[in-house]
Amino acid sequence: MDEEKSLIIPFAQTWDNGTYYCNVTNEYFEGISGAVVLKVIQPPSIFTPPEDFKIENFGDKSVLSCLCEPQAVAIQNCIVEWRRNGVKVDDQDTSVKVVDYTSVLTILATQERHLGQYECKGHNSIGAASAFAYITKSYTPYMTTKPPDDVQAGSKSSVSLECLAIGFPPINYMWTLNQIPIEDPRFEITSTGTLLIDGVESSDTGTFTCFASNPYGQVSVSTKLTVVGPPTKPSAPWISSISK
């Protein structure tokens with residue numbers, strides 16, 4: 001009589017990989033009826049993550065390396081992809097090569113556009129793993145967006161004064177009104193330096209100054225805001241003089 005038997009491996013792991021044999025034995029026969037190879041495939045892991053790289057001058061060479069190691073020999077190949085600030089790296093001046101299973105990203109002449117966060121993403125058909133590093137250059141801030149020299153706004157209107165600077169380490173922003181730091185809750189400073197004023201008042205008329213700073217220096221820019229109110233009601237006419 002035929003009888004079917006099954007081998008069940010709950011929660012198989014990579015150490016369960018190997019060749020399994022089915023041994024069949026009875027009083028008339030003893031032998032192997034078949035064999036099967038088991039490969040447990042798992043997502044990859046980043047064995048050696050990239051390290052932050054700092055250049056001294058624009059034009060210097062930058063190198064990031066990343067080793068994507070499978071969790072077992074039987075795992076599928078790990079494919080590495082590089083991203084800069086969330087966008088896949090495909091610059092003509094940026095090369096990616098695999099050396100001894102390590103993915104090496106090289107920029108021969110690093111420019112400002114190359115600075116930022118880099119992601120080493122290893123993936124196969126089962127899953128993915130990522131590690132991050134930065135290519136940076138320390139330099140004093142400089143203004144890229146400035147408010148107009150003079151701004152007029154109607155009373156109770158909302159006003160936006162832009163102030164954007166670039167530098168590394170990241171920029172800290174501060175605004176003053178007539179040389180006094182702004183603390184009024186009607187004012188909001190965004191992460192990109194823009195000053196938002198909700199419902200300007202006549203007392204807001206004055207000189208606004210934006211300061212952008214990091215440990216390497218500070219830059220500033222000023223603008224004059226004039227709040228214009230509605231016209232006042234004219235007084236009643238009167239007779240100032242009568243000539244004969």
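Predicted model: local features only at pLDDT ≥ 70, side-chain atom pairs only at ≥ 80, totals over all residues.
**Exercise 1**

Find out which residue forms a salt bridge with D93, and where the two partners sit in the chain.

*Solution.* Let's start with the idea behind the pairing: side chains of opposite charge can pair when their charged atoms come close. Next, look at the atoms: the closest N and O atoms of D93 and R113 are 2.5 Å apart. A salt bridge needs such a pair within 4 Å, so this one qualifies. Now place the partners: D93 is in the loop between β7 (87-88) and β8 (94-99), while R113 is in the loop between β9 (102-107) and β10 (116-123). They are 20 residues apart, and the pair links distant parts of the chain.

**Exercise 2**

Decide for D93 and for R113: buried, partly exposed or exposed?

*Solution.* Take D93 to begin with: its relative accessible area is 29%. That value falls between the cut-offs of 20% and 50%, so D93 is partly exposed. R113 has a relative accessible area of 55%. Exposed means over 50%, so R113 is exposed.

**Exercise 3**

*Solution.* For burial, the cut-off is under 20%. Finally, widen the view: D184 and E201 join R186 and D204 in a network of salt bridges.

Note on methods: Residues numbered from 1 in each chain as written. Heavy atoms only, no water. Salt bridge = Lys/Arg side-chain N within 4 Å of Asp/Glu carboxyl O. Helix = DSSP H or I, 4+ residues; strand = E, 2+ residues; numbered from the N terminus. Buried < 20%, exposed > 50% of the residue type's maximum accessible area, 1.4 Å probe, protein only.
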